[in-house]
Amino acid sequence: MTLLIIVIALGLIFDFINGFHDAANSIATIVTTRVLTPVQAVIWAAAFNFIAFFVARYVIGEFGIANTVAKTVLEQYITLPIILSGLIAAISWNLLTWWLGIPSSSSHTLIGGFAGAAISGAGFQSIHTAVILKIASFIVLAPVIGMIISAIITIGILWLFKRVNARTAENSFRKLQLASSALFSLGHGLNDSQKVMGIIATALISYGSIKSVDSMPDWIPLSCFAAIGLGTMIGGWRIVKTMGSKITKVTALEGVCAETAGAVTLFITEFLKIPVSTTHTITGSIMGVGAVKRLSAVRWGVTINLLWAWILTIPVSAVLAGIIYQIVNLVGIK
């Protein structure tokens, strides 16, 4: 029971860290365009992170992404020490990338840690390769989809507003950015909170408390959505600068386009039940609006550096989790 409580606590800690690690994704553009102050922005984003619980429970009616995450490792190989090791590795990588100001993917850190610990404990036959490959493919697909959608939205809005006074248009888009950032924060809550829900549910299944992800009690999703919302309120200021200005300079109009595209992408992946990185999604969306102005408006060097961080996240987390699992096993934690 003690180990189960520790695993649940670490899961919620990871969700909290995920919130402040990914806070920049939700608030970077709305802060850099000065529509809201940083404090107002994090409260706004955190509120919609939590509202996402009620959307998932009462509108969508299921936690499909949590189910997908739970299937990363085959059920017969899942143990509490494996989950413990994966969470420690994911938390460590998240804190390191936050400290360095690198907007890496909390989603893929968690998947990599879970899979890596399982491989270390039971070999490659313990993981569901098809599920992991599908999740990994969205390291590329999520930003590309976000970029395409944001470019289309930007071109469409520029055409619709081409005869509108520039000052009037700017004021309109500053107001609309409240709605677009809310939508993106809603998508962020829907997607990211479910990942830890899946991990905690597998821990309870392994312990014998529940039979499936679908039968988990409401306190699990409520705790996860609350933790990520609280983490968002703490904020991730080291990453705001990268997301809001280093990739491309963002106006209110472009902020609306990027956030709306990011939200649409997240809603699509929610429908497909695929956990994706909100970091990857909003980065691709910001690139899309920048590329519409001109290709040189996007700082491609920064983007390439981010891409390397994204690609390395799963293998680095997996290796780290594998090492931690061997230490946990050596110490005799069962």
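This is a predicted model: local features need pLDDT of at least 70, side-chain atom pairs count only at pLDDT 80 or more; totals for chains, interfaces and linings use all residues.
Of the 334 residues in the protein chain, 56% are buried.

We can turn next to the empty space. Rolling a probe the size of a water molecule over the atoms shows where such space is left. The largest pocket holds about 190 Å³ of space. Its lining is made up of 14 residues, and those closest to the pocket centre are A70, K71, E75, I78 and I205. Two elements, α3 (64–70) and α7 (166–207), each give two or more residues to this lining. The largest share belongs to α7, which supplies three residues. Sorted by class, the lining of the largest pocket comprises six nonpolar, five polar and three charged residues.

F54, Y58, V59, I60 and L222 together make a nonpolar surface patch of about 500 Å². Helix α2 (residues 38–60) provides the largest share of this patch, namely four residues. I60 is one of the patch residues and lies in helix α2. With a relative accessible area of 36%, I60 is partly exposed. Patch members need over 30% relative accessible area, so I60, at 36%, passes that cut-off.

Technical notes:
Residues are numbered from 1 along each chain as its sequence is written. Side-chain values use heavy atoms; hydrogens and water are left out. On a 1 Å grid over the protein atoms alone, a cavity is a set of points where a 1.4 Å probe fits but cannot get out, and a pocket is an open set with protein on both sides within 12 Å along at least five of seven lines; lining residues have an atom within 4 Å of a point. Grid points are joined across faces, edges and corners, and a volume is the space filled by probe spheres set on the points. Ala, Val, Leu, Ile, Met, Phe, Trp, Tyr, Cys and Pro count as nonpolar, Asp, Glu, Lys and Arg as charged, and the others, Gly among them, as polar. Patches are made of residues with over 30% relative accessible area and no salt bridge: like charges are joined within 9 Å, nonpolar side chains (Val, Leu, Ile, Met, Phe, Trp, Tyr) within 5 Å. Accessible areas come from the Shrake-Rupley method with a 1.4 Å probe; for residues, only the protein chains shown count as cover. A salt bridge is a side-chain nitrogen of Lys or Arg within 4 Å of a carboxyl oxygen of Asp or Glu. Buried means under 20% relative accessible area, exposed over 50%, partly exposed in between (1.4 Å probe, protein chains only).
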